[in-house]
Amino acid sequence: MPTQQQNLAGRGMAAGLKVINWLAGSELVDRVGLREPAQRLIYTGSKRTTRATTVAGRTFQAATRLGRPARQASGAAADLFDLTPTDEQHLLTEAIRDFALAELRPAAAAADRACVTPPELLEQASELGVTMIGVPEELGGAVDGRSAVTTVLMAEALAYGDAGIAVACLAATGVATAVSLWGDAEQQSTYLHEFVGEHPPAAALALMEPRALFDPFAPATVARRSDRGFVLRGVKSLVPRAAADELFVVGATLDDRPALFVIEAGTDGLSTEPEPAMGLRAAATGRVILEDVEVDPGALLGDGDPSVYAEAVHFGRLGWCAIASGTCRAVLDYVKEYVNDRVAFGEPISHRQAIAFTVANIAIELEGLRLATLRAASRVDQGLPFAREVTLARRLASQHAASIGSDGVQLLGGHGYTTEHPVERWYRDLRATGLLEGGLVI
Amino acid sequence: MINLEVPRKFTGLITQAGQVAENVFRVNSRKYDRAEHEYPKELDMLAAMIDGMNASGRLNGAGAGGVGGRENSSRNGLEPTGARSDPSTGNRNGTNLASLLGLIELAWGDVGLLLTMPRQGLGQAAIAAVATPEQLERFGGKWAAMAITEPEAGSDSAAIRTTARLDESDPAHPEYILNGEKIFVTSGDRAELIVVWATLDRTQGRGAIKSFVVERDNPGLVLERLEHKLGIRASDTADFRLVDCRVSRENLLGSPEIQTARQGFAGAMQTFDNTRPLVAGMAIGVARACLERTRELLSQEGVTVDYERPPELQPGAAAELIAMEADWEAARLLTLQAAWMADNRLPNSLHASMAKAKAGRVATDIALRCVALCGSLGYGEGELLEKWARDAKILDIFEGTQQIQLLVIARQLLGKSSSELK
């Protein structure tokens with residue numbers, strides 16, 4: 001980006017480079033065959049900033065009013081060290097994994113190109129119960145107890161198919177879980193029945209903001225009190241399916257403390273714009289812009305308790321760790337097959353230590369990340385403190401998941417750099433998992 | 001039900017081991033680092049105490065002696081302290097996990113002293129794994145060292161040249177005659193027994209390699225020298241020559257037949273599936289010592305870790321602590337997993353090597369980074385950090401180097417033989 005300080009020549013050069021880039025870009029578009037009008041439209045659409053006011057997708061109305069909020073029971077403390085999932089977890093994970101392999105993986109490349117997840121996949125995922133996993137049975141949910149471990153296993157299995165589509169599927173789950181965990185009776189009655197219904201709403205937790213060194217505990221988005229409730233102002237970044245979302249949970253600073261607000265699409269002053277990124281493109285990330293958005297007092301989630309906000313941050317990070325773990329597994333399985341098949345110098349390249357050791361290290365770091373993620377989740381389920389464990393898992397995701405993405409491409413060499421293989425997509429997706437905040441709630 | 005917390009049942013064991021580590025090991029750490037080859041006599045009383053506790057079943061897993069596939073089957077009907085199983089799922093937390101947890105604590109104290117604990121040598125694991133009841137009667141409870149490595153056979157243990165020839169000239173007392181050279185025998189000069197790997201027939205490869213129990217006072221076992229080392233100086237490392245060293249035929253461990261294919265050798269190598277997580281545990285103990293002390297020294301300078309805010313927003317030293325702790329945690333969980341799998345008789349060769357590979361490199365890395373973070377305090381002998389950095393390095397070498405672990409892992413993941421993936 002040219003800055004004011006740059007001299008004219010510098011600015012001219014930068015402008016020239018932009019044109020060359022654009023030309024080269026469009027040639028590339030032609031060469032790789034992105035010629036269909038629709039695809040070209042998406043290509044330009046994602047380049048141009050198109051701000052759209054949000055449209056109310058549906059009217060959220062309480063079906064039956066609850067006297068008190070319903071909560072999923074949290075699990076008891078476990079007695080023994082154990083890495084065996086329960087039968088229920090096992091069956092659910094198997095079903096989701098089959099779905100991910102049969103439906104998500106084949107759809108992933110097109111969804112990545114189109115920057116959208118096909119609606120029928122979202123529908124199938126919600127039919128599998130993905131959206132309602134965090135909702136108490138009393139309110140129509142399918143699972144009797146709260147289990148972060150189950151949600152982690154589910155997210156892992158989805159991401160094994162495709163990370164971007166997994167995020168698209170899980171964003172609404174996050175909002176349903178958030179309202180289940182922290183909503184009062186009114187909020188639960190208003191929103192949760194929609195999430196357990198046949199067509200759950202698109203929804204997302206919006207924490208991230210567009211600035212370097214963003215601190216989720218000090219959002220620049222501000223909520224101030226007004227006669228009617230609260231007025232919010234700020235910009236949230238990389239929100240999954242922002243344009244389609246009908247409901248947001250937004251992080252904002254209220255009285256110098258971070259808090260969460262439930263805001264419906266269609267509220268005055270609320271708009272979105274596409275914000276395509278390096279990866280997770282099937283999740284159709286976008287910005288949510290709040291320009292003096294006025295909401296009722298009932299929009300405040302969890303009474304503005306900072307510990308509720310902190311939990312939301314941690315559960316988001318846990319979600320990204322699960323996505324990282326599932327995606328890294330996809331990389332491992334893919335490169336295992338490739339390096340055994342690919343012949344160079346008269347034998348499979350897997351016969352070389354440089355190749356084989358890279359594969360071994362992918363397996364080691366993936367397993368470490370996975371165990372750390374499961375430990376954090378199981379501590380959540382057992383009511384133990386989990387901030388440290390989540391942070392450690394996130395650190396592993398930040399460091400190792402990104403390098404596993406890189407190794408995945410490296411092992412395939414030039415072939416890995418093309419879209420003929422999924423490793424370049426995983427490379428892009430895995431850079432996200434250690435840096436994004438919010439979007440998911442485990 | 002997935003749970004990665006250390007069960008409360010083991011709290012007593014961990015506390016006991018921690019007390020030994022603090023009150024016996026730590027206070028003597030520097031002394032025996034300086035006085036290399038001097039016998040740490042303080043350990044005798046401790047060993048006697050541990051024997052007593054083992055006999056009464058109160059302490060299990062202070063050393064390698066307790067692990068092994070057969071040990072888990074509780075053939076004598078006695079469950080080790082803290083070992084539990086869940087009747088509804090069959091999930092077991094047994095000897096392997098208990099041993100590992102004890103070892104982590106002891107290694108936190110001092111890994112050199114841990115390695116030279118009387119009657120806790122690696123040889124015990126080999127004996128426990130395959131000994132007959134009669135052999136257990138003769139060798140059980142004795143201090144047994146392990147002699148595998150030779151000058152020309154390190155990681156490539158199938159290449160060992162030490163020979164064993166059966167001599168039946170006296171039919172009443174058939175004997176094996178051992179000849180060769182063994183190096184890097186931990187506690188070799190201090191132990192009562194040495195388990196020596198030798199081949200019955202050099203032309204027949206791995207299947208001909210057997211292990212033999214040799215009494216330390218056997219005149220055919222000649223001590224060549226004790227090594228001077230980078231670290232773990234409290235633990236002696238002996239080099240021997242075997243010169244027509246005669247042992248009773250009954251001292252051979254396992255089957256005396258030369259196995260076809262790799263059967264016999266594979267059996268011997270399986271010992272490693274149980275012992276590799278233990279060495280990984282030592283790495284975890286040393287690394288924890290480094291992290292704890294570094295954290296103390298950094299907090300004196302006003303640096304503390306915040307587990308909520310992103311590491312990038314914290315002081316560089318705090319972010320580095322988080323990064324190191326994360327890799328340490330990954331190593332620790334991989335190691336618990338490998339031990340848990342052994343307890344539940346799940347094949348864990350892959351996971352044991354993953355644990356060893358990760359823990360070995362993480363410990364060395366953490367120890368060296370902690371020295372750097374603490375500056376002259378870290379590098380000077382006034383603190384133990386520099387010693388731990390020297391000690392840690394061996395943990396990425398013995399019981400299979402980093403590179404050997406990666407080979408084991410890669411061969412399994414990729415379905416390759418040792419002739420394909422060399």
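Thr150(A) sits in helix α5 of chain A, which covers residues 148–161. Helices here are DSSP runs of H or I with at least four residues, strands are runs of E with at least two, and both are numbered from the N terminus. The model is predicted, so local features need pLDDT of at least 70 and side-chain atom pairs count only at pLDDT 80 or more, while totals for chains, interfaces and linings use all residues. Residues are numbered from 1 along each chain as its sequence is written, and chains are lettered from A and ligands numbered from 1 in the order in which they are written.

Is Thr150(A) buried or exposed? Thr150(A) is buried, because 23 other C-beta atoms lie within 10 Å. The term buried requires 20 or more other C-beta atoms within 10 Å of the residue's own, exposed means 12 or fewer, and partly exposed is in between, with C-beta atoms placed from the backbone. Setting aside neighbours within four places in sequence, Thr150(A) is in contact with Gln89(A), Leu92(A), Ile133(A) and Val143(A). Contact means that the C-beta atoms of two residues, placed from the backbone, lie within 7 Å.

Let us turn to the domains of chain A. The assignment divides chain A into domain 1 (83–202), domain 2 (222–304) and domain 3 (309–430); such bounds come from an automatic or database domain assignment. Between the C-alpha centres of domain 1 of chain A and domain 3 of chain A there are 21 Å. In this pair, 21 residues of domain 1 of chain A are in contact with 20 residues of domain 3 of chain A. Which elements give two or more residues to the side of domain 1 of chain A that touches domain 3 of chain A? They are α3 (87–114), α5 and α6 (163–182) of chain A. The largest share of that side, 9 residues, comes from α5(A). By class, the side of domain 1 of chain A that touches domain 3 of chain A has 15 nonpolar, 3 polar and 3 charged residues. For these classes, Ala, Val, Leu, Ile, Met, Phe, Trp, Tyr, Cys and Pro count as nonpolar, Asp, Glu, Lys and Arg as charged, and the others, Gly among them, as polar.

The next topic is the meeting of the two chains. Here 38 residues of chain A are in contact with 43 residues of chain B. On the side of chain A that touches chain B, α8 (306–341), α9 (353–381) and α10 (387–417) of chain A each supply at least two residues. The most, 14 residues, is given by α9(A). That side of chain A holds 22 nonpolar, 8 polar and 8 charged residues.

I now move to chain B. Chain B has 13 helices and 10 strands, and 53% of its 422 residues count as buried. Its domain assignment gives domain 1 (8–137), domain 2 (143–253) and domain 3 (263–414). In chain B, 29 residues of domain 1 are in contact with 22 residues of domain 3. The largest share of the side of domain 1 of chain B that touches domain 3 of chain B is 11 residues, from α4(B). By class, that side has 15 nonpolar, 10 polar and 4 charged residues.

Helix α4(B) also meets another helix. The axes of α1 (residues 11–25) of chain B and α4(B) come within 8 Å and cross at roughly 25 degrees; axes are lines fitted to C-alpha atoms, for helices over the stretch in contact, and angles run from 0 to 180 degrees between N-to-C directions. α1(B) is therefore roughly parallel to α4(B), a term for angles under 35 degrees, whereas those over 145 are roughly antiparallel, 65 to 115 roughly perpendicular and the rest oblique. The residues of this contact divide into 10 nonpolar, 3 polar and 2 charged.

Phe345(A) has a phi near 55 degrees, a positive value in a residue other than glycine. Phe345(A) lies in the loop between β12 (343–344) and β13 (347–348) of chain A, and is exposed, with 8 other C-beta atoms within 10 Å. Asp244(B), also not a glycine, has a positive phi of about 45 degrees. Asp244(B) lies in strand β9 (residues 237–248) of chain B and is exposed, with 11 other C-beta atoms within 10 Å.
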